[in-house]
Amino acid sequence: MLLFFIIILAFFTRSFFWFYGYNENSEVTFWTGLVLHGDGYFSYSKLFIENLYKEGLSLNSINYDWFRWYQVIYPLYMTPIFLFDLHPSLYIFLLHHFFLMITILLIYLSGSLIGNKWVGLIAALAYACQLHIAFWFNFTLPSVTFHFHLSIFMYCSLLAWKNMNLFSIFLCLLSGLVLGFIRPEGFLIFLSGFLILTVLVLKQLLKIKTLIFSCLIFLVSISLIGYFSFKNNVNLQNKILANTHVGWGLYYGSQESPTNAAKVDEMLHEMFNKCNYKNDNDPLKRGEWWWCSKLGIERIKADPINYITVLIKRFPSTIYPSFYREGISWRYKLVMRSTMFFITFGILLLFLIRLKNNLHSLYLILLALPIYLIVTIYQNEWDIRTQLSAQVFLLTSASLGWFRFIERILRKYNYFLSK
């Protein structure tokens, strides 16, 4: 019954932003109802169906050049709109709420696996009350879908870590692989989960020193293979450098992150204009993002120490963004700082109280790190949408820490009463 009320609470918090959106003032309201965001997922879904009908279900006919073809999962979820001529707002409203309901259910089940039902309820309630996550509910962006699949991966990973049978391992790997086709950091999360799973499997077969040495050999080998493949293959170099995320990370991410929203927009427009100008004057037409990558690499080579300093300074602003934003409202500060207080102290309590019995929670924290890593490197923009996905893992882990703390307080209280 408590879980049911938490799901209802999540429904109302998300629906509030759908119907009321962002209010600039009392007279003008922006971003209410369905927001067809400029990142192109809605258009990609429409183009996908149009090409299938036009070419007789020939996937090879679709032109992916204008869009990140590997982020295909969310557009696929929207294809029924164009297949059956459905109302976009109603369909996406119901689709996002369905994903939200399952996400909360899986967060509850995951919390129950690492602790008990109360840990699951605390985690589900914390997620339902996270209004920064709710803010993006009505946008045609993959955030809601990514959180849904992250919760599936989290639950499957916990089952695999606990049971270590072939079926649970298969579900863990499959659900992790899907993440990479929703958001680019999904591949890093999958690799982190794969490494954790590999270590847990090999731990049963090898001694700890042999295991550590084998992992180091594997990581060094993979790194060397990747480095020499990139260095000696011009076509591979061009494909990687022409990637949107690589170009964005190397050009925009190699500069100091502004704390002012107008300055962020100014830097982004400068990046777009300069890279497009370079591409327009490039006889090979290698793409604007190839030039962003090239210019970013040149900046990093010119002053590598500054680049490292930028990344180090950016990391805390990725985790605690409200301390590094000018002109934000008290509501923004209250929601974000309350959430990060809950996460930070919950994880600290987890380390202080019976950590040895809570190693699965530590693994969840390790799964969240790639999200912060990729945001630090390439996408520390003004909005914090990207790093919010780490909270699917962190809220669950922190809930166990808070439960252990409350449990200890209650025990001492009962002991005091018994005296």
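Student: Which helix supplies the largest share of the lining of the second largest pocket, and how many residues does that share hold?

Tutor: In this predicted model, helix H9 gives the largest share of that lining, with six residues. Helix H9 (185–203) is joined by helix H10 (208–232) and helix H17 (359–378), each of them supplying at least two residues of the lining. The volume of the second largest pocket is about 290 Å³, and of the 14 residues that line this pocket, those closest to its centre are Leu195, Ile196, Val199, Tyr363 and Leu366.

Student: What makes up the lining of the second largest pocket by class?

Tutor: Sorted by class, the lining consists of twelve nonpolar residues, one polar residue and one charged residue.

Student: Why is Gln71 called buried?

Tutor: The word buried applies under 20% relative accessible area, and Gln71 counts as buried because its relative accessibility is 0%. Gln71 sits in the loop between helix H2 (41–55) and helix H3 (73–83), and, if neighbours within four places in sequence are left aside, Gln71 is in contact with Tyr41, Tyr44, Phe181, Ile182, Arg183, Pro184 and His245.

Student: How do you know that the side chain of Gln71 makes a polar contact with the side chain of Tyr41?

Tutor: A polar contact needs a pair of N or O atoms within 3.5 Å, and the side chains of Gln71 and Tyr41 make such a contact at 2.6 Å. A polar contact of 3.1 Å also joins the side chains of Gln71 and His245.

Student: How do you know that a disulfide joins Cys275 to Cys292?

Tutor: The cut-off for a disulfide is a pair of cysteine sulfur atoms within 2.5 Å, and the S to S value for Cys275 and Cys292 is 2.0 Å. This pair links distant parts of the chain, with Cys275 in helix H13 (residues 261–280) and Cys292 in helix H14 (residues 288–302), 17 residues apart. Both cysteines, Cys275 and Cys292, are buried, and the structure holds one disulfide.

Student: Why is the disulfide of Cys275 and Cys292 called right-handed?

Tutor: The torsion about the S-S bond of Cys275 and Cys292 is about 120°, and therefore the disulfide is right-handed.

Student: Are Cys156 and Cys129 buried, exposed or partly exposed?

Tutor: Cys156 counts as buried because its relative accessibility is 11%, which is under 20%. Cys129, at 39% relative accessibility, counts as partly exposed, since that class lies between the 20% and 50% limits.

Conventions. Residues are numbered from 1 along each chain as its sequence is written. This is a predicted model: local features need pLDDT of at least 70, side-chain atom pairs count only at pLDDT 80 or more; totals for chains, interfaces and linings use all residues. Side-chain values use heavy atoms; hydrogens and water are left out. Helices (H or I, at least four residues) and strands (E, at least two) are DSSP runs, numbered from the N terminus. Buried means under 20% relative accessible area, exposed over 50%, partly exposed in between (1.4 Å probe, protein chains only). A polar contact is a pair of N or O atoms within 3.5 Å; within protein, one must be able to donate a hydrogen and the other to accept it, and residues adjacent in sequence count only if both atoms are side-chain atoms. Contact means heavy atoms within 4.5 Å. On a 1 Å grid over the protein atoms alone, a cavity is a set of points where a 1.4 Å probe fits but cannot get out, and a pocket is an open set with protein on both sides within 12 Å along at least five of seven lines; lining residues have an atom within 4 Å of a point. Grid points are joined across faces, edges and corners, and a volume is the space filled by probe spheres set on the points. Ala, Val, Leu, Ile, Met, Phe, Trp, Tyr, Cys and Pro count as nonpolar, Asp, Glu, Lys and Arg as charged, and the others, Gly among them, as polar.
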